[in-house]
Amino acid sequence: MDNKRKEMFTDLERHVCQSWQEGDWVIFYCSECEFKRKLNWKTGEVKLINPGQFDALHSGMNIPFQSEHIQIDSN
Ligand SMILES: [Zn+2]
């Protein structure tokens, strides 16, 4: 279903990121180019630690844990 998108990005390398949780932060890391960034799931803050290979397409960057794990203050 993503055929059009794939055609746009055929020149890009595809890297699959690993992700894990460290306290309030979710870490995304690519072992191929050392791309690394972290996302604070409480505040939504994103910090880029290592830009890695700039023109690579990184996948596997979705938040890996279940949404019911997050406590959201609706007040
Ligand atoms: Zn990479």
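Two residues are in contact if their C-beta atoms, placed from the backbone, lie within 7 Å. The model is predicted: local features need pLDDT of at least 70, side-chain atom pairs count only at pLDDT 80 or more, and totals for chains, interfaces and linings use all residues. Numbering starts from 1 along each chain as its sequence is written.

**Exercise 1.** State which residues F35 touches, not counting residues up to four places away in sequence.

Solution. Start with the location: F35 is in the loop between β3 and β4, where strands are DSSP runs of E, at least two residues, numbered from the N terminus. The contacts of F35 are H15, C30, N50, P51, G52, Q53 and H58. For G52, the C-alpha to C-alpha distance from F35 is 3.9 Å, at a sequence separation of 17 residues.

**Exercise 2.** Classify E34 and F35 as buried or exposed.

Solution. The count is of other C-beta atoms within 10 Å of the residue's own: 20 or more means buried, 12 or fewer exposed, and in between partly exposed. F35 has 21 such neighbours, so F35 is buried. E34 has 12 and therefore counts as exposed. E34 lies in the loop between β3 (25-29) and β4 (36-40), and its phi is near 65°, a positive value in a residue other than glycine. Most residues other than glycine have a negative phi.

**Exercise 3.** Give the strand order of the open sheet and explain why β2 and β5 are edge strands.

Solution. The order is β2-β3-β4-β5, with antiparallel pairing; a pair requires at least two DSSP bridges. β2 (18-22) and β5 (46-50) each have a single partner strand, so one side of each lacks a neighbour in the sheet. Antiparallel β4 and β5 are joined by four bridges, and K38 stands opposite K47 in β5.
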